[in-house]
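Student: Could you take me through this protein, which I have not looked at before, with the sequence and the structure side by side?

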Amino acid sequence: MLTLTGKLRAATVLGGGTNKKTGEVIPKRSVLQIEGLDNRGLVQLFTLTVPDLAPWQGRVDESVT
């Protein structure tokens, strides 16, 4: 199991639409962006896909695990 702790920077839905070249339908997906530290202690932004945004709505700029 991986545990990530950091500051929630964004909770939004990305994607949706159609690829103009291939005609492929691009599904929407819920994503979180969490600001954390890498193994050198430098700030890094992690983007995670989540099944539901409801638990994360209204928690932007809070520390989350």
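This is a predicted model: local features need pLDDT of at least 70, side-chain atom pairs count only at pLDDT 80 or more; totals for chains, interfaces and linings use all residues.

Student: In what order do the elements of the protein chain run from the N terminus on?

Tutor: Helices (H or I, at least four residues) and strands (E, at least two) are DSSP runs, numbered from the N terminus. By that reading the protein chain has zero helices and four strands. From the N terminus on, the order is therefore β-β-β-β.

Student: What percentage of the residues in the protein chain is buried?

Tutor: Buried means under 20% relative accessible area, exposed means over 50%, and partly exposed lies in between, with a 1.4 Å probe and protein chains only. Accessible areas come from the Shrake-Rupley method with a 1.4 Å probe, and for residues only the protein chains shown count as cover. The accessible surface of the protein chain comes to about 5000 Å², of which 54% belongs to carbon and sulfur atoms. Of the 65 residues, the buried ones make up 20%.

Student: Which strand supplies the largest share of the lining of the largest pocket?

Tutor: On a 1 Å grid over the protein atoms alone, a pocket is an open set of points with protein on both sides within 12 Å along at least five of seven lines, and lining residues have an atom within 4 Å of a point. The lining includes Leu32, Ile34, Phe46, Leu48, Val50 and Trp56. Strand E2 (28-37) and strand E3 (43-50) each supply at least two residues of this lining. The largest share, three residues, comes from E3.

Student: What is the volume of the largest pocket, and how do its lining residues divide?

Tutor: Ala, Val, Leu, Ile, Met, Phe, Trp, Tyr, Cys and Pro count as nonpolar, Asp, Glu, Lys and Arg as charged, and the others, Gly among them, as polar. The lining residues divide into eight nonpolar, two polar and no charged. Grid points are joined across faces, edges and corners, and a volume is the space filled by probe spheres set on the points. The volume of the largest pocket is about 180 Å³.

Student: Why does Leu53 count as buried?

Tutor: Leu53 is found in the loop between E3 and strand E4 (63-64). Taking contact as heavy atoms within 4.5 Å, and not counting residues up to four places away in sequence, Leu53 touches Ala11, Thr12, Val13, Ser30, Val31 and Leu32. Leu53 counts as buried because its relative accessible area is 8%.

Student: Is Ser30 buried or exposed?

Tutor: The place of Ser30 is in strand E2. Leaving aside neighbours within four places in sequence, Ser30 is in contact with Thr12, Val13, Leu48, Thr49, Val50 and Leu53. With a relative accessibility of 16%, Ser30 counts as buried.

Student: What is the relative accessible area of Lys7?

Tutor: Lys7 is found in strand E1 (residues 6-15). Beyond its neighbours within four places in sequence, Lys7 is in contact with Gln33, Ile34, Glu35, Asp61, Glu62 and Ser63. Lys7 is partly exposed, and its relative accessible area is 34%.

Student: Which value is phi of Asp61 near?

Tutor: Asp61 lies in the loop between E3 and E4, and its relative accessibility of 47% makes it partly exposed. Its phi is positive in a residue other than glycine, with a value near 75 degrees.

Notes. Residues are numbered from 1 along each chain as its sequence is written. Side-chain values use heavy atoms; hydrogens and water are left out. On a 1 Å grid over the protein atoms alone, a cavity is a set of points where a 1.4 Å probe fits but cannot get out, and a pocket is an open set with protein on both sides within 12 Å along at least five of seven lines; lining residues have an atom within 4 Å of a point.
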